[in-house]
Amino acid sequence: MQTLEKISDRCWYQTPVSETDRPILGVVVGDNRSLMIDAGNSEAHANCFLKELKEQGIPLPSIVVLTHWHWDHIFGLSALNMLSVASIQTKAKIKNLVSYEWTDSALEERVKSGLEIEFCANAIKKEFGSERNIIISLPDLAFEQRMELDLGGVSCLLQHVGGNHSPDSIIVYIKEEKILFLGDSIYADIYSNKRNYTTQSTIQLLDTIDQFDAEIYVLSHWKPISKDEYQKEAILLRTVATLTEQYEGRFEDIKKSYQLKLKRELNEEELETIGYFVNGFEINN
């Protein structure tokens with residue numbers, strides 16, 4: 001069951017749902033207007049979020065920003081009667097979806113051709129059932145690198161950061177609250193034949209994120225985490241990226257070196273991360 005949770009006096013989020021791949025949706029409440037972060041994976045998802053806001057007396061948003069083009073963050077846009085904002089790259093990617101059909105056969109054909117992945121196809125089927133009246137809406141405004149929105153008493157900086165998960169990814173920094181919505185930016189590329197991270201892209205992304213003075217980091221398919229928790233994730237990614245370059249993508253050498261550094265056996269997340277970087281090294285070489 002999804003719930004609406006408070007992060008600060010000006011910021012709330014709705015919890016994600018893994019089964020149908022519903023990401024976190026957020027809202028930032030200013031004195032003059034409110035900003036919704038991501039549009040949801042369906043009109044039902046978007047409307048559920050707005051219903052929760054209304055029931056709890058939280059001002060409804062008049063602007064929505066899309067963190068990247070993936071279906072679970074944009075399919076709810078057609079239900080939202082508000083100004084929509086995205087990066088130029090995101091808008092271009094969404095345009096490519098306009099002509100798509102969403103029947104079982106169309107999804108399965110795109111999975112076979114590599115345009116879609118089975119995980120997303122299955123989640124779409126679960127979210128929409130057999131009735132898939134999916135309308136692809138394009139964002140109203142598009143920016144190139146960054147845009148700042150003054151909501152009245154609080155401002156949000158939208159910054160393109162890229163990354164392996166989706167090169168069009170942006171983050172949303174709420175300066176006065178020191179909250180940073182990361183979207184899916186620090187996740188691996190899931191659309192390749194093998195899930196992967198590449199070393200250069202990951203380091204560039206982490207360097208960009210480090211420029212923001214945040215105390216809370218919101219990950220779209222997990223939860224808000226503290227600065228210390230985020231740093232643990234960042235250190236894992238940086239360390240494995242460095243070792244991947246050092247040992248030229250050799251899994252066992254990376255694993256052994258990291259174990260010596262930590263003075264313990266590696267856990268499942270650490271081993272998975274090494275595997276993703278090895279995949280990325282193989283793709284690039």
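Biologist: Which hand is the crossing of H7 and H9?
Modeller: Right-handed, meaning the near helix is turned clockwise from the far one by less than a right angle. H7 covers residues 227-246 and H9 covers residues 268-284; helices are DSSP runs of H or I, at least four residues, and strands runs of E, at least two.

Biologist: Where do these numbers come from?
Modeller: It's a predicted model, where local features need pLDDT of at least 70 and side-chain atom pairs 80 or more, while totals for chains, interfaces and linings use all residues. Residues count from 1 along each chain as its sequence is written, and side-chain values use heavy atoms, without hydrogens or water.

Biologist: OK, at what angle do H7 and H9 pack?
Modeller: About 45 degrees, with the axes 10 Å apart; axes are lines fitted to C-alpha atoms over the stretch in contact, and angles run from 0 to 180 degrees between N-to-C directions.

Biologist: Switching topic: how many strands are in the open sheet?
Modeller: There are 7, in the order S1-S2-S3-S4-S5-S6-S7, with mixed pairing; two strands pair if DSSP finds at least two bridges between them.

Biologist: Which strands stand at the edges?
Modeller: S1 (4-8) and S7 (141-143), each with a single partner strand, so one side of each has no neighbour in the sheet. Neighbouring strands are turned by 25 degrees against each other on average, direction ignored.

Biologist: Which helix packs on S1 to S4?
Modeller: H1, residues 43-55, touches S1, S2, S3 and S4, and its direction makes about 40 degrees with that of S3. H3 (residues 88-95) lies across S6 and S7, at about 100 degrees to S6.

Biologist: How do S5 and S6 run?
Modeller: Parallel, joined by 3 bridges. Val64 has Ser84 of S6 as its bridge partner.

Key: Contact means heavy atoms within 4.5 Å.
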